[in-house]
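This briefing walks through a single protein chain, from its overall make-up to a few selected residues.

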Amino acid sequence: RKLKKEIKNEMKNYYMEILTHAFVENILSNQIKITDEEITNYYNTHLNEFVIPERVQISEIVVDSKEKADEILNRLRLGDLFEEIAEKESIALTREKRGEIGWIEVDKLNPEVASLLSKIKPGEILANIIKSEMGYHIIKLTGRTEKRILTLSEATPIIKNLLLSQKKKKEVENLMRKLKEKSRIIRHTEKIDIIKEKIK
């Protein structure tokens with residue numbers, strides 16, 4: 001019986017929370033305002049959250065021997081197309097995308113590879129062949145973006161959503177607290193009525 005009562009209370013709290021969330025989402029969301037001042041303050045005090053790291057866009061050709069890699073490098077110097085070789089001769093899954101790996105944060109690259117890539121321009125191919133467990137990699141740099149901080153106008157939609165979400169959470173917590181206090185008062189009133197009846 002005690003367990004049944006506990007489950008009933010848990011279910012009541014669960015539904016109360018769902019309804020409170022729905023109320024905040026549907027009714028209070030339109031009333032919650034985020035000011036420009038709040039956005040600017042958040043931006044100025046959380047600049048590290050808006051740093052876009054340096055990134056590189058790279059493509060690869062992977063083969064199973066150093067000799068094969070040297071031969072491909074020579075062909076590339078003579079004018080063969082990197083993407084065509086990647087598609088036909090690479091043993092990596094990236095061959096399906098003509099060798100394209102995509103954008104990678106420089107900090108997440110092997111330091112040796114990152115250092116080598118810093119010395120070439122987009123469109124150029126590394127003179128060094130990189131050895132890994134998979135094989136021998138010929139790498140082409142296809143793009144680069146410098147490390148920068150998002151401007152206030154770029155960061156505004158992100159900050160607005162974040163502050164809105166924080167305010168909604170606070171509203172839900174406040175409503176839940178008020179509802180729990182109210183239900184406690186109702187329960188106590190019922191108990192007082194029962195005691196009065198017994199006194200009579």
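Predicted model: local features only at pLDDT ≥ 70, side-chain atom pairs only at ≥ 80, totals over all residues.

Helices here are DSSP runs of H or I with at least four residues, and they are numbered from the N terminus. With that convention, Glu83 has its place in helix α4, which covers residues 82-89.

**The chain as a whole**

- The chain contains six helices and six strands, and when these are read along the sequence they follow the pattern α-α-β-β-α-α-β-α-β-β-β-α.
- Of the 200 residues that make up the chain, 28% count as buried.
- The accessible surface of the chain comes to about 14500 Å², and 54% of this area belongs to carbon and sulfur atoms.
- When contacts in the chain between residues at least 6 apart in sequence are considered, 74% of them join residues at least 24 apart.

**Helices α3 and α4**

- Helix α3, formed by residues 66-77, packs with α4 at an angle of about 150°, and the axes of the two helices are 10 Å apart.
- Because angles over 145 degrees count as roughly antiparallel, α3 is described as roughly antiparallel to α4.
- The crossing that α3 and α4 make is right-handed.
- On the α3 side the residues that meet α4 are Lys68, Ile72, Arg75 and Leu76, and on the α4 side their counterparts are Phe82, Ile85 and Glu89.
- Sorted by class, this contact of α3 with α4 has four nonpolar and three charged residues, with no polar residues.

- Once its neighbours within four places in sequence are left aside, Glu83 is in contact with Arg98 and Lys140.
- The C-alpha atoms of Glu83 and Lys97 are separated by 8.6 Å, while the two residues are 14 residues apart along the chain.
- Arg98, one of the contact partners of Glu83, is found in the loop between α4 and β3.
- With a relative accessible area of 36%, Arg98 is also partly exposed.
- Arg98 has a positive phi of about 55°, although it is not a glycine.

**Ile104 in strand β3**

- Ile104 has its place in strand β3, which covers residues 100-105.
- Apart from its neighbours within four places in sequence, Ile104 is in contact with Glu54, Arg55, Val56, Ile58 and Leu109.
- Ile104 and Pro53 are 51 residues apart along the chain, and their C-alpha atoms are separated by 9.6 Å.

**Asn48 in a loop**

- Asn48 lies in the loop between helix α2 (36-45) and strand β1 (51-52).
- The relative accessible area of Asn48 is 62%, so this residue is exposed, the cut-off for that class being over 50%.
- Asn48 and Leu150 are 102 residues apart in sequence, and in space they are 9.9 Å apart from C-alpha to C-alpha.

Note on methods: Residues numbered from 1 in each chain as written. Heavy atoms only, no water. Contact = heavy atoms within 4.5 Å. Buried < 20%, exposed > 50% of the residue type's maximum accessible area, 1.4 Å probe, protein only. Areas by Shrake-Rupley, 256 points an atom, 1.4 Å probe, with all protein chains shown as cover. Axes fitted to C-alpha atoms, helices over the stretch in contact; angles between N-to-C directions. Parallel < 35°, antiparallel > 145°, perpendicular 65-115°, else oblique. Left-handed = near helix turned anticlockwise from the far one by under 90°. Nonpolar A, V, L, I, M, F, W, Y, C, P; charged D, E, K, R; others polar.
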